[in-house]
Amino acid sequence: SSQSVAPNDAAEFVRFCVAFRIHCYFELSLLPDTPSNGKPAVVFVLGGPGAGKGTQCARISETFGYLHLSAGDLLREERSRPGSEYGELIQNYIKEGQLVPVEITVKLIKQAMEKHGWAQGKFLIDGFPRSFDNMDGWSRVMGDAVDVQFALFFDCSEAVMEARILERGKTSGRADDNAEAIRKRLRTFKEESMPVVEHLKSKGLLRQVQCEKAVEEVWKDVRALFGPSVVFVLGGPGAGKGTLCSQIVQACGYQHLSAGDLLREERKRPGSQMGELIENHIKEGKLVPANITVELILQAMREKGWGGGKYLIDGFPRSFDNLAAWEAMAGDQVLVKFVLYLDVCEQVMEARLLERGKTSGRADDNIESIRKRFLTFHQESRPVVDKFQAEGRVIRMDAEKHRDDVWRDVQALFGPSVVFVLGGPGSGKGTQCAKIAESFGYVHLSAGDLLREERAREGSEYGDLINSYIKEGKLVPVEITIKLIQQAMVKFGWEGGRYLIDGFPRSFDNLAGWESVIGNSVRVKFVLFFDASEDTMQARIIERGKTSGRSDDNLESIKKRFATFQQESMPVVERYRLQGLVRRIDAEQAPEKVWKDVQRNFGPQVIFVLGGPGAGKGTQCARIAANFGFQHLSAGDLLREERKRPGSELGELIESHIKEGKLVPVSVVVRLLQKAMEQRGWEDGKYLIDGFPRSTENMQGWNELIGPKVDVKFCLFFDCSEAVMEARLLERGKTSGRSDDNIESIKKRFATYKQESLPVVEKFSSEGAMRRINAEQSLDEVWNCVQEVMRNEQDGHLLNQAIVLIKPSSFNKDTQRFVQSFFATHKASP
């Protein structure tokens, strides 16, 4: 069983385990993680209306064994309970329009906790404390009788909360789910609850979760607070796992667990029952059972710190047996953030191990043993890596490079990610940054604002220095600006933090400072460049100047700012463009159209894969997924899986349509595709969508429902004649057992494909978004063509640069500006 054991049954359970020894021993790791002082553990759950507290509380309860208590629900239940101690009193307060005294609320919470098990109980208290009055009442009634572990705050913008509640109001039937009531509730939350949040933060008790992301992404962040988070570090013998783990531990606050070391230590530990068992297995030449290894890992994490602990687990899971034991015993209580795979060829690993063998004294650092270990790794561990890769959870690292270069790449994985936002004055960066922060959960940092705030802040570390530079008419050193950016990122969350840095880097000096101070520990995802002509920007700034009161919104200042931007900032844009990191936005459009273009850059990348039945799409998709980091989604597979999933409303809808001989609505297919992408990772996700869109109706549904949020790179079309596809399908039919692999069904499928899918292919072709593959060649020849297309797309930015520079017909005002920037970047003359 993978169920946890109730604390009152623990003693009996331990006696049972002693009787059956190792067969049951491991379930002890699933005992609730409770304080040992006999006090109940409490987590306050705070957030505005519509922040998603209820959804996440239900999952915390299910996964971590906390009991969910809502102050509001307890008051309502007490009012309606016959013979209630406080019901009449509560009713009287409500009738008179008065607030129920906080002491009553806290006593009801206490009663509920006692009823469900006071000592060592674990409780989520949702929507409390809402005010300082609530906090005072809690202190008076509870005192120090409970262990408040922390307050979980779901951080969400008012615009998102309002939109969610209005959507909920369409079906909830709640009287307060209307725009007027919502705004009152949001105002009350801001005035009464936010000061409590700030107070808890100042006491170091607040754990903040950004909840404007997809539900699954929010859940990942929540899980990491209640249980440990783990990075599996895998790679062949000699890949350098141990060295790298030591560096990550030192720099990033992780703890390193080696499965091999834990087994060796347990074996030596006097009086250890598990140690005896390990010893017996080794003596008999048997493999140590995987559940023993997992139990030792879980035990080590509990000893070193469970909730919020961060661990690197080195050399595990080595096999599917290891992985099955992990999934059965750790379940959802441990968040596997990703798998770090150190990719090194055998020749390099062999050379490293033989070199190490000269001094290591290890018996297995000889050529015969090394080759056996390689074989085991390829047979047992590589399939595990491939499974994680198919799920989009592997980060591959080229570990053949010099160790300093490898470390630079790895370091960026454990720090924040950044989007630089650049564009001339008046290009509309600020407006769009505010929308991005609100819609995608990024924190917006402006270098200028940070400098101004630091100058004005009492007791500031850099304030006097900044003021002295400004008084003397000197530029503030870029190192100070970067230190302020770094401090802000640490404040809002370093690891996993996502930041928009607006108006930086403005020059090569800025860029050099960034790279020397924190460049190696931060991942620059891309540069969002708002491209607008000087005429447009000038018109906007002059219009703004009528009301802004800014002294530099005049024609003379504007011209100077444009000149500075062209000379200093455009070469920075060009440098990043050469690295393939620039996402250009046409900022000449109206703000709504600009926003549509911006949104696509914060959603997943998609390649549609189309081709007739028997064209070989599935085979090639598997290869692309393995080699180019894309995840493969099949619309047909998703429909089949949803249909089988117990209790699925969508599944029932699909089933009813199929029974009635109707096509499944395109909205259902698109919802399943969106859900699959959200579960596997929305932003930064890369997906191959196979067999969709099959018709213009499919394409229309996609565009209406999620088109603006997704970056469709192109359509990969496997072009194959009917004669070749027919021959392949008939050959497959001899062994496939598929009822539709017969000549009559094949002809019908070809007719449908020709009528419905080919027009979609032609539409992509007319838009320049189709990449045609001759699919009549051998598998390997087709694969060579596919690789060529994928690599050309990856390196397309370089090709585009060359075309602009060598085609005179392409020369215009914009390209002239681009060419000037190009030469400035490379310090060359045109």
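Trp514 counts as buried, at 2% relative accessibility, where buried means under 20% relative accessible area, exposed over 50% and partly exposed in between, with a 1.4 Å probe and protein chains only. Phe420 is buried too, with a relative accessible area of 0%. This is a predicted model, in which local features need pLDDT of at least 70 and side-chain atom pairs count only at pLDDT 80 or more, while totals for chains, interfaces and linings use all residues. Residues are numbered from 1 along each chain as its sequence is written, and side-chain values use heavy atoms, with hydrogens and water left out.

**Aromatic residues**

Let us stay with the rings for a moment. A pair of aromatic rings is described by the distance of the centres and the angle of the planes. Here, rings of Phe, Tyr and Trp (its six-membered ring) pair if their centres lie within 6.5 Å; planes under 30 degrees apart count as stacked, over 60 as edge-to-face and the rest as tilted. By this rule there are 26 aromatic pairs. The rings of Phe420 and Trp514 have centres 5.1 Å apart and planes at 75°, so this pair is edge-to-face. Phe420 belongs to strand β11 (residues 417-423) and Trp514 to helix α23 (residues 508-517), so the pair ties together parts that are 94 residues apart in sequence. Helices (H or I, at least four residues) and strands (E, at least two) are DSSP runs, numbered from the N terminus. Elsewhere, one aromatic cluster is formed by Phe64, Tyr66, Phe150, Trp219 and Phe226.

Some rings also have a charge over them, meaning that NZ of Lys or CZ of Arg is within 6 Å of the ring centre and within 35 degrees of the ring normal. Here are two examples:

| Charged residue | Ring | Distance from ring centre |
|---|---|---|
| Arg302 | Trp306 | 4.0 Å |
| Arg583 | Phe526 | 4.1 Å |

**Around strand β14**

Strand β14 (residues 523-531) is mostly covered, with eight of its nine residues buried. Two strands pair if DSSP finds at least two bridges between them. β14 pairs with β11 in the parallel sense over seven bridges, and Val421 has Leu528 in β14 as its bridge partner. Strand β15 (residues 582-586) also runs parallel to β14, joined to it by five bridges; there, Asp531 stands opposite Asp586 in β15.

**A five-stranded sheet**

Next comes an open sheet of five strands in the order β17-β18-β16-β19-β20, with parallel pairing. Its edge strands, each pairing on one side only, are β17 (631-634) and β20 (770-774). On average, neighbouring strands of this sheet are turned by 25° against each other, direction ignored. Axes are lines fitted to C-alpha atoms, for helices over the stretch in contact, and angles run from 0 to 180 degrees between N-to-C directions. Helix α30 (residues 666-680) packs on the sheet and touches β16, β17 and β18, its direction making about 155° with that of β17. Contact means heavy atoms within 4.5 Å. Within the sheet, β16 (residues 605-611) and β18 (residues 686-690) pair in the parallel sense over five bridges, and Val606 stands opposite Tyr687 in β18.

**Two cis prolines**

Most residues other than glycine have a negative phi, and most peptide bonds are trans. The bond from Phe316 to Pro317 is cis, with omega near -5°, and Pro317 lies in the loop between β8 (310-314) and α15 (320-330). The bond from Phe504 to Pro505 is cis as well, with omega near -5°; Pro505 is in the loop between β13 (498-502) and α23.

**The whole protein**

Finally, the protein has 36 helices and 20 strands, and buried residues make up 45% of its 830 residues.
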